[in-house]
Amino acid sequence: MSEQKKPEEIRPEDMSLDELIRSTKEDIREDRPAFQPTLPAEYADLVSDEDPDGPEYDEEPDRARIPSVVRALLYVCCVLAASILLAVAVWKCADDVCALTQEDQVVTVTVPENATISQVTQMLHEQGLVKYKWLFSLYCMVSRAEDKIVPGTYELNNVFDYHALVNGMNGYSGSRATVEVTIPEGYEAEDIFALLAEQGVCSVEKLKDAAANYPFDYWFLEGLEYGDYRRLEGYLFPDTYEFYVDDEPENALGRFLRNFNNKLDETLQADLDTLNQALRARMLESGFTEAETSQKLLTMHDVIIVASLVEKETTGAAESGKIASVIYNRLCSKLYPCLNIDATIQYVLPERKEVLSNADKAVISPYNTYTKAGLPVGPIASPGMSSIRAALYPADTDYYFYALNPAGGHKFFETVYDYQAFLDSLLGEEEKVTEEKAIEIALEEAKKEIYQYQSWESDFSEGASAQKLSSKDDWLAFPWSEEWAVRDADGEPLYTNQPVWAVRLTDRNDPLTSLLIYVDAETGDVVGAGSMSD
């Protein structure tokens, strides 16, 4: 039996790895004293008097540990709480994006020119259409809404989701706000523009600019000069329209022009040739040459001018054909080349007047039919269909004059004498300006400094007499009519178509000097003055 080796004789190379590690640990525990920190002598007073080896420092107590079940429950609760909060946030965002719980309520929104997405978002937020501005801004960025939203006024709804809100502001959707506007017959372009601006369709300035300069492609506008909004006068057909609020001016005006184009069918255009044939025969009969007749034949633009005159002058469709006949009778006459239509004067005056004075009728304008022969330069209003038809199919009459009848409508006359007699009867009935009143007005006028033209002080306060000039014959027979300087380019007196009182005043300081004051017999206006010496 072999002899066993003593433990101390066992060499390290004969040990296994586990034995070697265990032996090394035992050597370390046995040979090395436990580390005891010591303080220098100068810090000895900091050492506690208590025994560090006492019961309080015997051993470190075990740390308290939460049971595994409780820890699992806490984890589950935290996960659930986070999930609930996330679900609520997602729901609120989804509710705003998809408008899941919004009430059905229409909201009017106006997107101004050059508005940014941030401004649009803020506006929608203030209107209650968007709750989370950051979320809508993010949607707009992803969907490129900036390229879709255009300026305008829109009717949106709280039930619209983000997609519907953006599409509702693209200018082509049914959500765009509209307004119904009725244009009465006889409205002028300026009246129409003011009405559209009042209804929020477009501003007056934009409408005027588009009317003057936009190249509308319609045959009836060919040849009309650009630069003046009156280019579209007469073609803004009176009717009831539905306009977009805050629309572009050319869109709004285009609705009128499309409607006008639809109204003028081929039959009406063909009937213009028939009208011109009748007018041509009458002008040749009245002594016009072939060249003059060819120049006076009507275009469709001329027909619209006549229709606008009829529209403004007529008191009802029943007399429209007669008024049109008076216009054409004068156009075909050499005796009455001027139409003498008050509506053309009212059109150019800064403000409308109930009664026109002779001074008003002398206003310098291409629309003045008292001083300019033939038709005015353009239409003066928007005629309705009845007036357009009256211009194309006038009544067959020999009337050259008409006047308002106190009993209603107009009274028509063939001769100037009948016409003037009717006016005189009205003056007598209404006692507008009597002879005594005319003298009183003239005496007051003569007190002005402008009539002190002598080397002495004139006193035109007595010797007054008056003569009524009611026709051109009266003017020609009046011995001092040549003294009145208010004349036309041909030297003819301008005031021969309306009764005027010629009041003669004598200078008390020089009986050979007289002053003539011309007083309008209808309005009482002083329309002229002239001096004379015997």
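Arg-280 is partly exposed, at 28% relative accessible area (buried is under 20%, exposed over 50% and partly exposed in between, with a 1.4 Å probe and protein chains only). Its salt-bridge partner is Glu-290, with the closest N and O atoms 2.5 Å apart; a salt bridge here is a side-chain nitrogen of Lys or Arg within 4 Å of a carboxyl oxygen of Asp or Glu. This is a predicted model, where local features need pLDDT of at least 70 and side-chain atom pairs count only at pLDDT 80 or more, while totals for chains, interfaces and linings use all residues. Residues are numbered from 1 along each chain as its sequence is written, and side-chain values use heavy atoms, with hydrogens and water left out.

**Salt bridges**

- The structure holds seven salt bridges.
- Glu-290 sits in helix α10 (residues 290-296) and Arg-280 in helix α9 (residues 266-285), so this pair ties together parts ten residues apart in sequence; helices are DSSP runs of H or I with at least four residues, strands are runs of E with at least two, and both are numbered from the N terminus.
- Glu-290 counts as partly exposed, at 43% relative accessibility.
- Glu-188 pairs with Lys-312, and their closest N and O atoms are 3.9 Å apart.
- That pair links distant parts of the chain, 124 residues apart: Glu-188 is in the loop between β3 (178-182) and α6 (189-198), and Lys-312 is in helix α11 (residues 300-313).
- Glu-188 is buried at 7% relative accessible area, whereas Lys-312 is partly exposed at 34%.
- Arg-352 joins Glu-188 and Lys-312 in a network of salt bridges.
- Arg-230 and Asp-228 also meet through their side chains, at 3.8 Å from N to O.

**Nonpolar patch**

- Tyr-75, Val-76, Val-79, Leu-80, Ile-84 and Val-88 make a nonpolar surface patch of about 570 Å².
- Patch residues have over 30% relative accessible area and no salt bridge, with like charges joined within 9 Å and nonpolar side chains (Val, Leu, Ile, Met, Phe, Trp, Tyr) within 5 Å.
- Val-79 lies in helix α2 (residues 68-98) and is partly exposed at 38%.

**Confidence**

- Mean pLDDT (the predictor's confidence in each residue, from 0 to 100) is 81 for the protein, and 78% of its residues reach 70 or more.
- Residues 1-5 fall below 50, and beyond near neighbours in sequence this stretch has one contact in the model (heavy atoms within 4.5 Å).
- Residues 481-485 stay under 50 too, with twelve contacts beyond four places in sequence.

Conventions: Accessible areas come from the Shrake-Rupley method with a 1.4 Å probe; for residues, only the protein chains shown count as cover.
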